[in-house]
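Keep the viewer open as you read.

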Amino acid sequence: TATAQSTDSSLFLQVQLPGMNNRLTAIGGIHPQITRPARRLYVGNLPVGMGLNENILCEFFSQCCKGLGIATPSPVLSVWLNSEQTFGFIEFRSVQDTNLALQLF
(Lines give C-alpha, C1' and ligand atoms only; values in the text may rest on other atoms or scores of the structure.)
Protein backbone atom coordinates (compact mmCIF):
# COMPACT_ATOMS: atom_id res chain seq x y z
CA THR A 1 0.00 0.00 0.00
CA ALA A 2 1.07 3.53 -0.67
CA THR A 3 1.25 6.00 2.17
CA ALA A 4 1.44 9.74 2.47
CA GLN A 5 4.76 9.50 4.28
CA SER A 6 6.73 10.39 1.14
CA THR A 7 5.84 14.08 1.04
CA ASP A 8 7.54 16.93 -0.75
CA SER A 9 9.44 18.77 1.97
CA SER A 10 9.18 22.07 0.06
CA LEU A 11 5.47 22.15 0.95
CA PHE A 12 6.22 22.17 4.67
CA LEU A 13 8.08 24.35 7.10
CA GLN A 14 9.84 23.37 10.25
CA VAL A 15 8.13 24.65 13.38
CA GLN A 16 9.69 24.49 16.81
CA LEU A 17 7.52 25.21 19.83
CA PRO A 18 8.70 25.29 23.43
CA GLY A 19 8.15 21.94 25.11
CA MET A 20 7.37 20.11 21.87
CA ASN A 21 9.44 18.05 19.47
CA ASN A 22 10.14 19.49 16.04
CA ARG A 23 7.08 18.96 13.86
CA LEU A 24 6.35 19.56 10.21
CA THR A 25 3.40 21.84 9.63
CA ALA A 26 1.87 22.51 6.26
CA ILE A 27 2.16 26.04 4.97
CA GLY A 28 -0.96 27.89 6.00
CA GLY A 29 -1.09 26.09 9.35
CA ILE A 30 -3.13 23.07 8.21
CA HIS A 31 -1.60 19.70 9.02
CA PRO A 32 -1.73 17.32 6.02
CA GLN A 33 -3.53 14.60 8.03
CA ILE A 34 -6.44 16.98 8.62
CA THR A 35 -7.02 17.49 4.89
CA ARG A 36 -6.26 13.90 3.87
CA PRO A 37 -9.91 12.74 3.60
CA ALA A 38 -10.69 15.70 1.33
CA ARG A 39 -7.63 14.95 -0.83
CA ARG A 40 -8.59 11.30 -1.49
CA LEU A 41 -10.69 10.32 -4.48
CA TYR A 42 -12.52 6.98 -4.57
CA VAL A 43 -12.27 5.14 -7.89
CA GLY A 44 -14.56 2.14 -8.26
CA ASN A 45 -15.74 -0.43 -10.80
CA LEU A 46 -12.24 -0.90 -12.17
CA PRO A 47 -12.06 -3.64 -14.83
CA VAL A 48 -10.71 -6.97 -13.61
CA GLY A 49 -7.97 -8.69 -15.59
CA MET A 50 -6.59 -5.54 -17.21
CA GLY A 51 -3.37 -5.59 -15.20
CA LEU A 52 -4.08 -2.31 -13.42
CA ASN A 53 -1.71 -1.37 -10.64
CA GLU A 54 -0.85 1.66 -8.55
CA ASN A 55 1.75 2.95 -11.02
CA ILE A 56 -0.59 2.79 -14.01
CA LEU A 57 -3.36 4.63 -12.14
CA CYS A 58 -0.90 7.23 -10.84
CA GLU A 59 0.36 7.92 -14.36
CA PHE A 60 -3.19 8.00 -15.79
CA PHE A 61 -4.47 10.49 -13.23
CA SER A 62 -1.31 12.61 -13.47
CA GLN A 63 -1.76 12.91 -17.24
CA CYS A 64 -5.47 13.69 -16.85
CA CYS A 65 -4.62 16.42 -14.34
CA LYS A 66 -2.28 18.02 -16.86
CA GLY A 67 -5.13 17.99 -19.39
CA LEU A 68 -7.39 19.72 -16.88
CA GLY A 69 -4.82 22.47 -16.41
CA ILE A 70 -3.71 21.48 -12.92
CA ALA A 71 -0.31 23.15 -12.58
CA THR A 72 0.80 21.30 -9.43
CA PRO A 73 3.92 19.25 -10.21
CA SER A 74 3.17 15.56 -9.53
CA PRO A 75 -0.40 16.19 -8.35
CA VAL A 76 -0.95 12.54 -7.38
CA LEU A 77 0.66 11.81 -4.03
CA SER A 78 -0.28 8.13 -3.65
CA VAL A 79 -2.53 5.38 -5.00
CA TRP A 80 -4.00 2.44 -3.12
CA LEU A 81 -5.80 -0.51 -4.73
CA ASN A 82 -7.68 -3.29 -2.96
CA SER A 83 -6.32 -6.82 -3.40
CA GLU A 84 -8.86 -7.67 -6.13
CA GLN A 85 -7.94 -4.42 -7.93
CA THR A 86 -11.61 -3.47 -8.35
CA PHE A 87 -11.47 -0.17 -6.44
CA GLY A 88 -8.93 2.20 -4.99
CA PHE A 89 -8.15 5.64 -3.63
CA ILE A 90 -6.13 8.33 -5.37
CA GLU A 91 -4.56 10.85 -2.98
CA PHE A 92 -3.77 14.28 -4.38
CA ARG A 93 -1.40 16.93 -3.04
CA SER A 94 -4.17 19.48 -2.43
CA VAL A 95 -7.91 19.65 -1.90
CA GLN A 96 -8.15 21.99 -4.89
CA ASP A 97 -6.43 19.44 -7.16
CA THR A 98 -8.84 16.75 -5.93
CA ASN A 99 -11.84 18.92 -6.71
CA LEU A 100 -10.54 19.66 -10.18
CA ALA A 101 -9.90 15.95 -10.79
CA LEU A 102 -13.57 15.29 -10.02
CA GLN A 103 -14.33 17.06 -13.31
CA LEU A 104 -13.09 13.90 -15.06
CA PHE A 105 -16.33 12.23 -14.07
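A residue counts as buried when its relative accessible area is under 20%, and as exposed when that area is over 50%. Keep in mind that what you are looking at is a predicted model.

With that cut-off in hand, turn to helix H2, which runs over residues 54–68. Its buried residues are Leu-57, Phe-61, Ser-62, Cys-64 and Cys-65. Viewed down the axis of H2, these buried residues fall within an arc of 165°, so they line one face of the helix.

What does the buried side of H2 pack against? Its partners are three strands: S3 (40–43), S4 (76–81) and S5 (88–92). On the face turned away from that buried side, you will find the exposed residues Asn-55, Lys-66 and Gly-67.

Now follow H2 from end to end. Its 15 residues reach 21 Å from the first C-alpha to the last, close to the 21 Å expected at 1.5 Å a residue. The N-terminal end is capped by Asn-53, which places a side-chain oxygen 3.0 Å from the backbone nitrogen of Asn-55. After the helix comes Gly-69, with a positive phi near 90°.

The loops on either side of H2 deserve a look too. Between S3 and H2, the loop contains Asn-45. This residue is not a glycine, yet its phi is positive, at about 55°. Asn-45 is exposed, with a relative accessible area of 77%. In the loop between H2 and S4 sits Ser-74, another non-glycine residue with a positive phi, here about 50°. Ser-74 is partly exposed, and its relative accessible area is 48%.

Finally, zoom out to the whole protein. Its secondary structure consists of 3 helices and 5 strands, arranged along the sequence as β-β-α-β-α-β-β-α. Of its 105 residues, 29% count as buried. How much of the contact set with a separation of 6 or more comes from residues 24 or more positions apart? Such pairs account for 56% of those contacts. As for the surface, the accessible area comes to about 6,900 Å², and carbon and sulfur atoms contribute 56% of that area.

Technical notes
Residues numbered from 1 in each chain as written. Predicted model: local features only at pLDDT ≥ 70, side-chain atom pairs only at ≥ 80, totals over all residues. Heavy atoms only, no water. Helix = DSSP H or I, 4+ residues; strand = E, 2+ residues; numbered from the N terminus. Expected span 1.5 Å × (residues − 1). Buried < 20%, exposed > 50% of the residue type's maximum accessible area, 1.4 Å probe, protein only. Arc of directions from axis to C-beta. Contact = heavy atoms within 4.5 Å. Polar contact = N/O pair within 3.5 Å; in protein donor to acceptor, adjacent residues only side chain to side chain. Areas by Shrake-Rupley, 256 points an atom, 1.4 Å probe, with all protein chains shown as cover.
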